[in-house]
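Subject: Structure for you to look at

Hello,

Here is the structure I promised you. Please open it beside this email and follow along.

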Amino acid sequence: MESKVAPRQPLDLSPLQRILEERYRPQDYQEAQELIVGACQEAQRLFGWVPPEAAQLIAGHLGVTINRVYGLLTFYADFRTQPPGRHYLWLCYGAACYVAGARRLIDLLRDEYDMDEKGDLPDGTLSINIFNGCLGVCDLAPVGQLDHHEYVGHLTVEELRTLIERLRSGEEAEGTHGGSH
Ligand code: FES
């Protein structure tokens, strides 16, 4: 599969720097250790992931080693050390969606699009969150929610493939947005 990851813009670390200076002021080494996770959560809230330069800033600010920061980043599954995709899909895996064929959609993403264990497609187009709850629109099952607003319902394998290709070609046409269900 073609892999085309755009180069990353330099990151403005100043919002993180401000938060660290205001709220993360450990009195001793023990407290610094305890603040690492919170500081990483701040970075993830700001950037959508914890970029290496943010991890480095946190380590330097708290006076802990970068290895310690990465140890915690890799220990907690919620942290991302890779940037999220440019689009985001909640894919419902609740009971109604399961019965209606959500499993086939997940198989497609894994087998044909090489979705990794974090739910990312390798070309950076899409991050998928397989949601083990119910999105509350079971009449659309199997259903996903794209970019936090657009429901894509009654999804078949073919339609999901078309959606991914639409996202890819939309990006090539500089952000053209397709229709919704
Ligand atoms: S189970 Fe998927 S929307 Fe309800």
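Below is what was found, from the overall layout down to single residues.

First, the ground rules. This is a predicted model, so local features need pLDDT of at least 70, side-chain atom pairs count only at pLDDT 80 or more, and totals for chains, interfaces and linings use all residues. Residues are numbered from 1 along each chain as its sequence is written.

**Overall layout**

The protein chain has seven helices and four strands. These are DSSP runs numbered from the N terminus: helices are H or I with at least four residues, strands are E with at least two. Starting at the N terminus, the order is α-α-α-α-β-α-α-β-β-β-α.

Of the 181 residues in the protein chain, 25% are buried. Buried means that 20 or more other C-beta atoms lie within 10 Å of the residue's own; exposed means 12 or fewer, and partly exposed is in between, with C-beta atoms placed from the backbone.

Now the contacts. Two residues are in contact if their C-beta atoms, placed from the backbone, lie within 7 Å. Take the contacts between residues at least 6 apart in sequence: 66% of them join residues at least 24 apart.

**The sheet**

Strands of a sheet pair through backbone hydrogen bonds, either parallel or antiparallel. Here, two strands count as paired if DSSP finds at least two bridges between them.

The four strands form an open sheet in the order β2-β1-β3-β4, with mixed pairing. Its edge strands are β2 and β4, and each pairs on one side only. On average, neighbouring strands are turned by 25° against each other, direction ignored. Axes here are lines fitted to C-alpha atoms, for helices over the stretch in contact, and angles run from 0 to 180 degrees between N-to-C directions.

Go through the pairs one by one:

- β1 and β2 are parallel and share six bridges. Tyr88 stands opposite Ser127 in β2.
- β1 and β3 run antiparallel, joined by three bridges. Trp90 stands opposite Gln145 in β3.
- β3 and β4 also run antiparallel, with three bridges. Gly144 stands opposite Val152 in β4.

How much of β1 is covered? Five of the six residues in this strand (87–92) are buried.

**Helix α3 and its partners**

Next, find α3, residues 52–62. Ala54, Ala55, Ile58 and Leu62 are buried there. Seen down the helix axis, these buried residues fall within an arc of 100°, so they line one face of α3. The arc is that of the directions from the helix axis to the C-beta atoms. On the other side of α3, Pro52 and Gly60 are exposed.

What do the buried residues of α3 pack against? They pack against α1 (14–23), α2 (29–47) and α4 (66–75).

Look at α2 and α3 together. Their axes come within 10 Å and cross at roughly 150°. The two helices are therefore roughly antiparallel. The cut-offs are under 35 degrees for roughly parallel, over 145 for roughly antiparallel, 65 to 115 for roughly perpendicular, and oblique for the rest. From α2, the contact uses Ala32, Leu35, Ile36, Ala39, Cys40, Ala43 and Phe47. From α3, it uses Ala54, Ile58 and Leu62.

Just after α3, Gly63 has a positive phi of about 75°. The C-alpha atoms of Gly63 and Asp28 are 9.5 Å apart, although 35 residues separate them along the chain. Asp28 sits in the loop between α1 and α2. Asp28 is exposed because 8 other C-beta atoms lie within 10 Å.

**Loop details**

- Pro142 lies in the loop between β2 (126–131) and β3 (144–146). The peptide bond from Ala141 to Pro142 is cis, with omega near -10°.
- Asp114 lies in the loop between α6 (102–111) and β2. Asp114 is not a glycine, yet its phi is positive, about 55°. Asp114 counts as partly exposed because it has 13 C-beta neighbours inside 10 Å.
- His148 lies in the loop between β3 and β4 (150–152). His148 is not a glycine either, and its positive phi is about 65°. His148 is exposed, with 8 other C-beta atoms within 10 Å.

Best wishes
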